[in-house]
Amino acid sequence: MRAYTGQTDTSEREESERLLKNNEVKALVATSALGMGFDKPDLGFVLHLGAPSSPVAYYQQVGRAGRATENADVLLLPGTEDEAIWHYFATASMPNQAKAESVLRALTDNGGAPLSTPALEARVDLRRTPLELLLKVLDVDGAVRRVKGGWVSTGQPWTYDSERYDRIAAARVHEQRAMIEFETTTGCRMEFLQRALDDETAVACGRCDNCTSPWYPVDVQDEAAATAAASLDRVGVTIDARAQWPTGVANLGVNATGKIAPADRLSEGRALARLTDLGWGGALRGVFEPQATDAPASHAMTAACIRVLAEWNWPERPAAIVTMPSRQHPLLIDSVARALSEVGRLPWLGELSPANGGPTGTAGGNSAYRLSNVWERFEVGPELDAALEPFAGQPLLLIDDVADSRWTLTVAGRLLRRHGASAVLPFTLALRS
Ligand SMILES: [Zn+2]
């Protein structure tokens, strides 16, 4: 099971070793694209922005350099987010027992007829990529088979091999620790890598930054620093409006199919930044950490939101603000609404109210489930209804904390448009995608 064990291709590994030993590799300090068969013999340097998850993977990747050159420079620039990225990829390929059993049950219950991936999404709350990954695992294990029109169960019993997955997880943790050790070692880096490949004869190379001293420039030019700072301070990303209801939601009790009627749709929106972005993304990740307590946005953050509005070339300026009710970040949303209302001279009309017990479930599932969790879960209360009346036929700005699947914003926009808004422009602090 190569996909799980991270076993390395022996011939490739030997080739990498040979090249590293025979070439004048000057230093080894912290993109996996190189692992995917990059083939350019005169590659003179390898610069990693972010570290691979194991010394062996790193060794293979830097081994791509210097095949037909006298010298090759390799430089590793580890990132603070590396461990989170390794964790994501290490767990993404492991099947979740409950989800796997749900998929098998859905296929069995369909009586031998195939189910397409979109049809499965309305039966199991998994997003497309994890669902496809899981189907591949089940296919390799012989429990499902791809046929014309989708997937069927083979009827072969499937058991969750927890021992195997635990073993793989432990091996990954071990590799990741070794990578951190490689980054922080004060010993020879080349020797470290060779020992990671079980070469007990490895000795100090005399060429790496630890054997000598850093050979790469360590100062940053003022102009470059200023350009980087300006780039990191950029604000505003587009939130595209949903145009289509998810397939198969009728199965989940949602009466919506096909295209979203133009009169019900949101307009294009804006978020301050993506949660994965550098710059503002970093500050937002702190705000939206699961353990973070709700608080008003910092002055710098509200100022950045105001800049997003100022730079937004909307076709028609919104006439007023409506906010989403938030269970997790009411103070945050209030502070942003207040700032945008004051500076933009837009009256803040109030917030939508939860209906039928409010939204259920959590973000992170697939579109069909996410929509069913928020469908008919909001309403325009009597106060907001009265406040909206003078703004009938005008565009509204709708403020929320995070746009994820965008189904919350989509159903809220539809509701406000049915209450007379000519357009609804969503604005959120973060975009999670
Ligand atoms: Zn060395």
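Guide: Start with pairing: two strands pair if DSSP finds at least two bridges between them. Helices (H or I, at least four residues) and strands (E, at least two) are DSSP runs, numbered from the N terminus. This is a predicted model: local features need pLDDT of at least 70, side-chain atom pairs count only at pLDDT 80 or more, and totals for chains, interfaces and linings use all residues. Residues are numbered from 1 along each chain as its sequence is written.

Visitor: What makes β2 and β3 a pair?

Guide: Five bridges join β2 to β3, in the parallel sense. The rule asks for at least two, so they pair. Phe45 stands opposite Asp73 in β3.

Visitor: Which residues of β2 lie on the covered face, and which on the uncovered one?

Guide: Val46 and His48 form the covered face of β2 (residues 45-49). Phe45, Leu47 and Leu49 form the uncovered one. In a regular strand the side chains alternate between the two faces of the sheet.

Visitor: How many helices and strands does the chain have?

Guide: The chain has 16 helices and 13 strands. Its C-alpha atoms fill a box of roughly 80 × 65 × 35 Å along the principal axes. Of the 433 residues, 33% count as buried.

Visitor: Why is Asn210 called buried while Pro78 is called partly exposed?

Guide: A residue is buried if 20 or more other C-beta atoms lie within 10 Å of its own, exposed if 12 or fewer, and partly exposed in between; C-beta atoms are placed from the backbone. Asn210 has 20 such atoms, so it is buried. Pro78 has 18, so it is partly exposed. Asn210 lies in the loop between α9 and α10 (222-232). Pro78 lies in the loop between β3 (71-77) and α4 (82-92).

Visitor: Which residues does Asn210 touch?

Guide: Contact means C-beta atoms, placed from the backbone, within 7 Å. Leaving out residues up to four places away in sequence, Asn210 touches Thr185, Thr186, Gly187, Cys188 and Arg189.

Visitor: What makes α3 and α9 roughly perpendicular?

Guide: Axes are lines fitted to C-alpha atoms, for helices over the stretch in contact, and angles run from 0 to 180 degrees between N-to-C directions. Angles under 35 degrees count as roughly parallel, over 145 as roughly antiparallel, 65 to 115 as roughly perpendicular and the rest as oblique. The axes of α3 (residues 55-62) and α9 (residues 189-196) cross at roughly 115° and come within 9 Å. The two helices are therefore roughly perpendicular to each other.

Visitor: Which residues make that contact?

Guide: Pro55, Val56 and Tyr59 of α3 meet Phe192, Leu193 and Ala196 of α9. The residues of this contact divide into six nonpolar, no polar and no charged. Here Ala, Val, Leu, Ile, Met, Phe, Trp, Tyr, Cys and Pro count as nonpolar, Asp, Glu, Lys and Arg as charged, and the others, Gly among them, as polar.

Visitor: Why do β6 and β9 count as edges of their sheet?

Guide: Six strands form an open sheet in the order β6-β7-β13-β12-β8-β9, with mixed pairing. β6 (237-239) and β9 (348-351) each have a single partner strand, so one side of each is left without a neighbour in the sheet. Neighbouring strands here are turned by 25° against each other on average, direction ignored.

Visitor: Why is β7 called largely enclosed?

Guide: Five of its six residues are buried, so β7 is largely enclosed by the rest of the structure.

Visitor: What makes α14 mostly covered?

Guide: Eight of the eight residues of α14 (residues 367-374) are buried. Among them are Tyr369, Arg370 and Asn373. The cover includes α6 (117-121) and α16 (407-418). Just after α14, Glu376 takes a positive phi of about 55°.

Notes:
Contact = placed C-beta atoms within 7 Å.
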